[in-house]
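Here are some notes from a read through this one. Have the model open alongside as you go.

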Amino acid sequence: MTPGHFEYHAPNSLADVIVLLKQFGDDGKILAGGHSLLPMMKLRIASPGHLIDLRKVSGLTDISERKGIVHIGAMVTEAQLMRSDVVRAHCPLVAEAAGVIADPQVRNCGTLGGDLAHGDPGNDQPAVMLALDASIVLHGPAGERIVAARDFFLGTYQTALAADEVLTGVRIPVATPQTGQAYVKLKRKVGDFATAAAAVSLRLKGPACQSVAIALTNAGPVSMRVETAEQILIGQVVTEDLIGKAATLAMAACDPAVDLRGDAEYKTHMAGEMVKRALRCALQRAKGE
């Protein structure tokens with residue numbers, strides 16, 4: 001199928017983008033990489049009358065570290081995240097997740113901002129943002145607004161992004177010493193969405209777990225943190241027995257949709273397995289092994 005009729009706009013500034021969003025309302029949609037929006041338009045699931053392309057807007061492809069915070073522009077591609085020395089050094093979980101998204105063609109065009117703004121629980125980076133306590137930067141008529149990742153993802157294809165706002169970037173705290181991060185993903189074939197995946201960031205203090213974040217991809221109607229699983233690990237020496245208990249608690253939080261990737265029981269079980277693998281990997285990395 002082909003998309004319905006639409007008008008294409010390529011503004012040069014963020015101010016112009018916001019003017020267009022205000023002018024067109026719900027009939028205007030932001031175009032970033034296009035890998036989520038364009039297939040929906042071809043299937044006529046979405047039929048915007050106006051596409052507003054962000055490619056000419058300056059400042060949205062920058063990556064930097066300032067005062068312990070990594071700033072990543074919304075138009076940075078997944079491939080750029082994989083290659084960035086700043087990302088790999090200070091928030092390696094973002095680069096690791098980018099490397100298992102779809103295929104090289106998609107990674108070279110798909111953007112971090114598009115991944116997050118789409119609100120798909122099957123996308124990989126939302127769980128990563130949750131695990132890293134990231135903040136999402138939004139711009140609208142009233143100026144800049146910062147929303148914690150935990151408050152940004154509201155439901156399937158639903159986020160805190162208002163119709164007259166544009167997602168311009170993310171801010172991620174720099175990983176501290178003795179922190180290990182891991183993203184583990186099960187998929188049926190190269191290029192597929194996750195059957196289940198888990199993002200983990202774990203910090204040690206001596207031999208014990210000082211803090212940990214566990215987030216799940218495609219395990220429910222929205223990407224989620226599993227705080228019940230996190231709490232049993234904090235302050236403890238992380239053993240295989242505790243990892244198993246954390247995985248069981250993570251499974252209890254799952255409510256996956258039934259699709260071609262499996263039924264609810266299978267996807268829930270595999271979410272638990274992904275949590276185990278991600279915790280083991282993050283623990284090894286925190287220990288420097």
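This is a predicted model: local features need pLDDT of at least 70, side-chain atom pairs count only at pLDDT 80 or more; totals for chains, interfaces and linings use all residues.

How many bridges join β2 to β3, and which way do the two strands run?

1. As for the question, β2 and β3 run parallel and are joined by 4 bridges. One spot to look at is Lys29, which stands opposite Leu51 of β3.

2. Zooming out from that pair, the sheet is an open one of 3 strands, ordered β1-β3-β2 with parallel pairing. β1 and β2 are the edge strands, each pairing on one side only. On average, neighbouring strands here are turned by 25 degrees against each other, if you ignore direction. Helix α1 packs on this sheet and touches β1, β2 and β3, with its direction at about 165 degrees to that of β3.

3. Now α1 itself, residues 14-24. Its buried residues are Val17, Ile18, Leu20, Leu21 and Phe24. Looking down the axis of α1, these buried residues fall within an arc of 160 degrees, so they line one face of the helix. As background, an α-helix has 3.6 residues a turn, so residues three or four places apart point the same way. On the other side of α1 you'll find Ala15, Val19, Lys22 and Gln23, which are exposed.

4. What do the buried residues of α1 pack against? The list is β1 (7-9), β2 (28-31), β3 (50-53), β6 (135-140) and β10 (166-173).

5. His139 deserves a click. This histidine sits in strand β6, and His139 counts as buried because its relative accessibility is 18%, with the cut-off being under 20%. Its side chain makes a polar contact of 3.1 Å with the side chain of Thr168. Beyond neighbours within four places in sequence, His139 is in contact with Leu14, Ile18, Glu144, Asp164, Glu165, Val166 and Thr168. Of those, Ile18 is also one of the buried residues of α1.

6. On to the cores. The largest nonpolar core has 37 residues, and Ile72, Val94, Val128, Met129 and Ile172 have the most contacts inside it. Take Ile172: setting aside residues up to four places away in sequence, Ile172 touches Gly68, Ile69, Val70, Ile72, Cys91, Val94, Met129, Leu132 and Ala134. There is also a second, separate core of 32 residues, with Ala182, Val226, Val238 and Ile243 among its members. In soluble globular proteins, nonpolar side chains tend to be buried together.

7. β14 pairs with β13 (208-217) in the antiparallel sense over 2 bridges, and Ala215 has Arg225 as its bridge partner in β14.

8. Last stop: is Gly119 buried or exposed? This glycine lies in the loop between α7 (112-117) and α8 (125-131), and Gly119 counts as buried because its relative accessibility is 5%. Leaving out neighbours within four places in sequence, Gly119 is in contact with Gly155, Thr156, Tyr157, Gln158 and Thr159. For a sense of distance, the C-alpha atoms of Gly119 and Val200 are separated by 20 Å, with the two residues 81 apart along the chain.

Conventions. Residues are numbered from 1 along each chain as its sequence is written. Side-chain values use heavy atoms; hydrogens and water are left out. Two strands pair if DSSP finds at least two bridges between them. Buried means under 20% relative accessible area, exposed over 50%, partly exposed in between (1.4 Å probe, protein chains only). The arc is that of the directions from the helix axis to the C-beta atoms. Contact means heavy atoms within 4.5 Å. A polar contact is a pair of N or O atoms within 3.5 Å; within protein, one must be able to donate a hydrogen and the other to accept it, and residues adjacent in sequence count only if both atoms are side-chain atoms. A nonpolar core is a set of buried Ala, Val, Leu, Ile, Met, Phe, Trp, Tyr and Cys residues joined through side-chain atoms within 4.5 Å. Axes are lines fitted to C-alpha atoms, for helices over the stretch in contact, and angles run from 0 to 180 degrees between N-to-C directions.
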